[in-house]
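Work through the exercises below with the model open. Try each task before reading its solution.

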Amino acid sequence: MEIVTRFAPSPTGYIHIGNVRSAIYPYLLARQNHGKMILRIEDTDRERYVEGATELIEDTLEWLGLNWDEGPIVGGPNAPYFQSERKEIYHAWARKLIESGRAYADPTPPEKVNQYREECNKKKIPFLYRNFRPDTTTEWEPGMPLRFKAEPKDYEWVDEVMGEMHTGPEVLDDIILIKKDGFPTYNFAHIVDDYEMGVTHVMRGVEYLSSTPNYLAIYEALEIPRPKLVSLPHILAPQGNKKLGKRDGAKSVTEYREDGVLAEAMLNYLACLGWNDGTEQEIYSKEELIERFSLSRIQNSGARYDETKLLWLNGQWLRKIFNEQGPRALYERTLGFWPKAAEAYSEDYRIKVLSIIYDRLKTLSDLREMTGYFFADPTINTEMLLNNKFLKKNSKSEIEEMLKVVISRLNKIDDWTSEKLQDALNELLEQTGKKPAELFSLIRISLSFAPFSPALNLTLGVLGRETSLARLNAVARAI
RNA sequence: GGUCUCGUAGUAUAACGGUUAGUACAUCGGGUUUUCAUCCCGACAACGCGGGUUCGACUCCCGCCGAGAUCACCA
């Protein structure tokens with residue numbers, strides 16, 4: 001049987017890292033089995049609806065490379081994929097339930113319901129609406145919610161992650177199927193949609209585990225088969241033991257993209273947070289994840305979100321792309337992350353800069369801070385030079401003298417390549433009798449006035465003869 | 001409070017009932033001609049507690065403790 005999974009977010013804002021994973025796993029499962037993934041927008045709560053949220057969700061999924069086979073934009077045989085446009089479908093199924101006596105109109109005003117609830121809370125007994133069930137012969141009219149009529153009993157089922165589950169009759173209640181505004185609740189709508197759309201695996205956060213018996217009762221009453229149920233443990237906030245949410249400052253996936261985190265790294269990190277294939281592999285491409293994924297190896301406890309590891313993985317991916325696909329492939333990912341001054345330079349030059357600095361990047365946005373001196377002469381800061389821990393024992397005149405020796409030697413280089421430059425630097429060490437730390441710091445700082453920079457011969461090589469010598473001369477004059 | 005779930009180093013995780021409890025991130029130390037990083041080497045560090053079952057338990061069972069979820073006309 002074809003495997004059909006779905007990601008069914010509600011458009012209430014951006015997708016943050018706490019909840020993308022419930023899009024990743026369904027995607028992997030569907031691709032692995034040559035099945036389908038559906039994107040369905042659960043927009044039945046008009047109060048929480050956020051304009052533009054659907055686009056944000058689509059954008060995030062596309063960036064991560066999680067393409068869907070049915071849903072908004074691409075369409076499909078089960079359209080529409082917005083729940084707000086499927087009202088008639090829910091009502092048709094609801095009528096079926098009314099006819100079989102498993103749903104009833106509830107004329108009780110909300111205040112009364114709250115009153116019942118408070119009474120129970122006061123008596124410290126569980127609140128079950130079915131104990132307050134009103135006259136169930138009322139005709140269902142607009143403006144009146146429709147409730148499920150529960151038949152308390154035991155339920156057993158298998159959760160693909162949590163294993164065998166069982167509950168008693170005390171968890172079953174008369175839940176609302178259709179709200180008074182005519183829109184269905186999640187509890188009802190998702191069941192109808194999943195069935196109509198042929199979803200075989202319902203993957204969602206563990207918070208739905210407690211409601212599952214009620215869903216099971218609805219499947220039964222509707223006389224439709226139940227899909228496989230997969231509860232995904234929460235991603236926990238860095239502090240505390242609560243699930244990661246926007247209130248914890250959970251960043252949107254888009255935000256990480258803007259910070260220069262690669263989609264590959266994001267997908268890799270999130271997929272492996274709460275899942276592993278049993279090997280010691282750390283770096284997985286999307287294709288490898290699709291191949292190796294298995295429901296049975298999803299962890300059943302929550303996993304804490306660790307941004308440091310994400311950034312480490314991002315560094316790994318940055319280097320992997322550079323080494324395996326070449327400088328140009330990585331360069332293409334860096335567009336938009338360069339300092340403004342870089343615009344005046346050729347692509348070729350920028351690729352050279354990238355080639356010597358890429359292994360120092362944690363995120364692409366580091367380029368802005370780290371490459372400034374390749375595109376504009378740095379401001380000369382004599383303090384920085386004289387107070388450097390390797391240089392401070394030298395007097396100004398000694399520094400000036402050293403610079404002159406360096407300049408005259410570099411001037412003699414006929415072929416300005418990193419190899420020749422390295423030879424010249426080695427000779428200078430012998431000639432001056434200085435330690436590398438001392439001589440190289442002097443040159444490095446004079447060229448960049450940056451806290452750090454790539455290997456000296458490479459920096460000189462990329463900067464070029466003219467710029468390098470001009471900067472060294474400028475420093476010699478300023479001292 | 002009822003119901004359900006979870007519990008290996010700081011973090012993410014591995015381990016047919018038999019291993020010096022493995023790996024990665026982080027941290028600390030060292031190495032690679034400056035710096036920052038990469039890379040390499042090394043160190044620190046864990047089975048929540050208590051009972052069983054067993055020749056032997058991180059692994060199976062029970063109890064406790066701790067953490068979380070849920071008990072909405074939100075999803």
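**Exercise 1: the nonpolar cores**

Of the 92 residues in the largest nonpolar core, Ile17, Ile24, Ala265, Met266, Leu270 and Leu318 touch the most other members. Helix α1 (residues 21–32) gives this core its largest share, 7 residues. This is a predicted model: local features need pLDDT of at least 70, side-chain atom pairs count only at pLDDT 80 or more, and totals for chains, interfaces and linings use all residues. Residues are numbered from 1 along each chain as its sequence is written, and chains are lettered from A and ligands numbered from 1 in the order in which they are written.

Task: find which residues methionine 266 is in contact with, leaving aside neighbours within four places in sequence.

Solution. 
1. A core joins buried Ala, Val, Leu, Ile, Met, Phe, Trp, Tyr and Cys residues through C-beta atoms within 7 Å. Buried means 20 or more other C-beta atoms within 10 Å, exposed 12 or fewer, with C-beta atoms placed from the backbone. Contact means such C-beta atoms within 7 Å.
2. Read off the partners of methionine 266: Leu64, Val253, Tyr256 and Val261.
3. Look elsewhere. Another core of 19 residues lies apart, including Phe148 and Tyr215.

Definitions and conventions: Helix = DSSP H or I, 4+ residues; strand = E, 2+ residues; numbered from the N terminus. Contact = placed C-beta atoms within 7 Å.
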